[in-house]
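Student: I would like to learn how to read a structure feature by feature. Could you take me through one slowly?

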Amino acid sequence: MSNDRFNNWQVPIIKNGELTKWLWVVFGVDKFVNGLKTDIGAFTAIFAHHGVTLEDEVQIGGGCKIYSLDTIGETQGPILLKKNSRVGANSVVLPGVTLGENSIIGANSVIGDHVSIGNNSTIGTGTVIKAGLKIGNNVRIGSNSFVKNDFEDNSKAFGNPATLV
């Protein structure tokens, strides 16, 4: 992410359950940690009841839902989006997810609870990753894939179900 666009970046004022001036909202603000130079898109909702940490320069597209508590699946857990990671617009991130440094989740994706995605990995647009999986470092998952297995470092996969290329 270019630092130029953040020359005038300011720490946002975040009040529990109230829209920020950029039209995103956090519930459970006492367990929300927002790093420096983050960029959160309009109409994103962050449910931080069990902890959500955004490290520096994290970018979240508009319309995303970030849940540290899932009342339907009855799961919970802290979410960690590491430095310079990105979540594409309209994606859903469920409890217990870790997204590694410089990793990208494409738009309209769903990341199941307690998924770990390593550093420098790319998850294509429209991908669904099943709960409890581990995606290694430097992994590429093609768009519109359904991931139901772990993938080791440096893997490339796509499809429904996602298989190695």
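Student: Which side chain makes a polar contact with the side chain of Asn84?

Tutor: A polar contact is a pair of N or O atoms within 3.5 Å, one able to donate a hydrogen and the other to accept it. In this model, which is a predicted one, the side chain of Asn84 makes such a contact with the side chain of Asn102, at 2.8 Å.

Student: Where is Asn84 found, and is Asn84 buried or exposed?

Tutor: Asn84 is found in the loop between β10, which covers 79-81, and β11, which covers 86-87. Since a residue counts as buried under 20% relative accessible area, Asn84 is buried, because its own value is 15%.

Student: How should I read Glu55, and what does Glu55 touch beyond its neighbours in sequence?

Tutor: Begin with its place, which is the loop between β5 (52-54) and β6 (59-60). Glu55 is partly exposed, with a relative accessible area of 27%. Not counting residues up to four places away in sequence, Glu55 touches Gly35, Thr38, Leu80, Leu81, Lys82 and Lys83. For one of these, Gly35, the chain positions are 20 residues apart, and yet the C-alpha atoms of Glu55 and Gly35 are separated by 4.5 Å. For another, Lys83, the backbone nitrogen lies 2.9 Å from a polar atom of the Glu55 side chain.

Student: What are the contacts of Thr20, once its neighbours within four places in sequence are left aside?

Tutor: Thr20 is then in contact with Ile13 and Ile14. Thr20 is found in the segment before β1 (25-27), and at 5% relative accessibility Thr20 counts as buried.

Student: How do I read the backbone itself, apart from side chains and contacts?

Tutor: Most residues other than glycine have a negative phi, and most peptide bonds are trans. With that in mind, look at Asn120, which has a positive phi of about 60° although it is not a glycine, and at Asn154, where phi is also positive, at about 65°, again without the residue being a glycine.

Student: Where are Asn120 and Asn154 found?

Tutor: Asn120 is found in the loop between β16 (116-117) and β17 (122-123), and Asn120 is partly exposed, with a relative accessible area of 33%. Asn154 is found in the loop between β21 (146-147) and β22, and Asn154 is exposed, with a relative accessible area of 55%.

Student: Which peptide bond is cis?

Tutor: The bond from Asn160 to Pro161 is cis, with omega near 0°. Pro161 is found in the loop between β22 (156-159) and β23 (162-164).

Student: Stepping back to the whole protein, how many helices and strands are there?

Tutor: The protein has zero helices and 23 strands. Its radius of gyration is 15 Å, close to the 15 Å that the globule rule gives for 165 residues, so the protein is as compact as a globular protein of that length. Along its principal axes, the C-alpha trace spans about 45 × 40 × 20 Å.

Methods. Residues are numbered from 1 along each chain as its sequence is written. This is a predicted model: local features need pLDDT of at least 70, side-chain atom pairs count only at pLDDT 80 or more; totals for chains, interfaces and linings use all residues. Side-chain values use heavy atoms; hydrogens and water are left out. Helices (H or I, at least four residues) and strands (E, at least two) are DSSP runs, numbered from the N terminus. The radius of gyration is taken over C-alpha atoms; the globule rule is 2.2 Å times the number of residues to the power 0.38. Buried means under 20% relative accessible area, exposed over 50%, partly exposed in between (1.4 Å probe, protein chains only). Contact means heavy atoms within 4.5 Å.
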